[in-house]
Amino acid sequence: MPVTPDLPRTVGALRASGHELRGVKQEIRDNLLAALREGRDPWPGIVGFADTVIPQLERALIAGHDVVLLGERGQGKTRVLRSLGNLLDEWAPVIEGSEIGEHPYEPISPASVRRAEELGDDLPVGWVHRTHRYTEKLATPDTAVADLIGDVDPVKVAEGRSLGDPETIHFGLVPRAHRGIVAINELPDLAERIQVALLNVMEERDIQVRGYTLRLPLDVLLVASANPEDYTNRGRIITPLKDRFGAEVRTHYPLELAPEIDLVVQEAELAAEVPRHLLEVVARFTRHLRESSAIDQGSGVSARFAVAAAETVAAAALRRAALVGEGRAYARPVDLESVPTVLRGKLEFAAGEEGREDDVLEHLLRRATADTARFALRGVDLDELATEVSTRPVRTGERVPAGEVVAALPQVGALTEIAGKLGASGTEDPGPMASAAELALEYLFLTRKLAKDSSDDGDTVSYG
């Protein structure tokens with residue numbers, strides 16, 4: 001929890017300090033432009049959008065537009081929305097005790113207006129951190145107008161106030177986010193009648209509750225995420241609401257391999273060490289899935305799939321280390337075999353692919369492995385290794401410790417080059433060398449330079 005600094009505690013002291021009132025959109029614009037001028041990254045943790053999504057979003061924010069991010073699942077829309085809070089001032093003054101975070105210079109609720117008139121310069125001031133000025137709501141079909149806008153509070157009515165008294169209102173999420181950011185995830189999932197309730201908020205900046213209008217000049221930035229209309233049949237953004245968003249920004253999956261790998265490195269919580277060449281296999285596998293006609297591309301292949309795949313590889317390595325008694329868990333290509341079976345349920349297959357799912361995943365994983373090895377080991381002559389292994393088979397697999405794999409390897413110069421290219425040099429731990437050698441052996445098998453047999457206990461013998 002941030003510690004509130006020594007700041008003015010009355011509206012009189014606030015004015016004396018020289019504080020100026022800015023709208024939330026002006027505040028975001030000023031802070032964004034300041035970051036750009038100073039060369040600071042306003043979007044920490046956002047990967048793969050630097051030349052596409054981010055410039056569009058920055059232009060929309062500078063223009064003061066409400067924004068909807070449109071993209072398929074797992075493209076980082078929510079991460080982008082949550083990063084908007086970094087563009088707010090670290091601390092913002094509010095009328096202490098106000099239900100909706102009003103600025104001390106501009107009270108808008110009847111209760112705060114009355115207090116301001118009574119107390120004048122002695123009106124107490126509180127301070128709210130920017131982390132509390134970002135409000136997020138996941139749109140669900142059961143969301144009510146009362147949740148977003150507000151409703152009459154029966155307790156206040158029971159205290160003797162009349163139904164026409166504005167102070168009987170219990171404010172909803174949007175008014176409570178006054179002078180902040182409201183993010184609605186999966187906006188099309190809101191029932192259309194609920195979306196209608198947002199029209200006045202976005203255009204006239206007032207709210208209507210139970211038949212009467214309470215004029216509240218709300219100061220909010222409204223942002224939302226949505227899936228393309230051809231992806232979801234659950235709902236849509238009604239045309240009048242869509243028209244009120246000043247900008248629609250399309251998101252996408254990483255366009256290049258390197259950002260895909262960087263995203264996995266950033267997001268995955270790995271239970272064991274996974275070398276970069278195996279993360280590259282995972283990233284290539286994910287990209288092959290997105291290009292495959294066997295996968296329903298309308299539903300997309302989420303970036304969360306690649307993250308979960310990397311975590312599955314790490315978990316398989318940790319389990320293997322426990323089974324064979326290794327002190328250090330280091331992932332090897334054999335651990336990739338668990339990915340298709342564990343994560344198959346995260347994919348939607350195209351019509352007509354029933355019964356072929358396992359074959360499709362196995363084929364694409366092999367392609368990803370071969371592509372990674374071809375790129376990582378380019379320039380290395382593997383023929384000598386293939387010749388030696390054809391006469392002295394090498395046993396690998398889930399039940400084979402890394403030390404046994406390394407001990408069975410022939411003494412050929414290619415292994416030194418392989419170790420150098422795959423980061424296995426300069427360590428006494430056999431794990432990195434076993435992982436690098438297994439990738440080379442798998443590549444030789446996939447290019448038909450070696451054969452291999454698999455036993456019932458999961459061991460694999462590579463031979464000529």
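1. Arg356 and Glu353 pair through their side chains in a salt bridge, 2.2 Å from N to O. A salt bridge here is a side-chain nitrogen of Lys or Arg within 4 Å of a carboxyl oxygen of Asp or Glu. Arg356 is partly exposed, because its relative accessibility is 42%. Glu353 has a relative accessible area of 13%, so Glu353 is buried. The cut-offs, taken with a 1.4 Å probe and protein chains only: buried is under 20% relative accessible area, exposed is over 50%, and partly exposed is in between.

2. A word on the source. This is a predicted model, in which local features need pLDDT of at least 70 and side-chain atom pairs count only at pLDDT 80 or more, while totals for chains, interfaces and linings use all residues. Residues are numbered from 1 along each chain as its sequence is written, and side-chain values use heavy atoms, with hydrogens and water left out.

3. The structure has 29 salt bridges. One of them joins Arg344 to Glu357, with the closest N and O atoms 3.6 Å apart. This pair links distant parts of the chain, 13 residues apart: Arg344 sits in the loop between α14 (338-343) and α15 (357-376), and Glu357 in helix α15. Helices are DSSP runs (H or I, at least four residues), numbered from the N terminus. Arg344 is partly exposed at 33%. Glu357 is buried at 12%.

4. Glu404 and Arg395 also form a salt bridge, 3.2 Å from N to O. Glu404 is partly exposed at 40% relative accessibility. Arg395 is partly exposed at 36%.

5. Salt bridges also connect Arg22, Asp30 and Asp89 in a network. Asp30 belongs to helix α2 (residues 24-38). Its relative accessibility is 26%, so Asp30 counts as partly exposed. Asp30 and Asp89 are 59 residues apart along the chain, and their C-alpha atoms are 9.7 Å apart.

6. Leu289 deserves a look. Beyond its neighbours within four places in sequence, Leu289 is in contact (heavy atoms within 4.5 Å) with residues including Ile295, Phe305, Leu347 and Leu361.

Methods. Helices (H or I, at least four residues) and strands (E, at least two) are DSSP runs, numbered from the N terminus.
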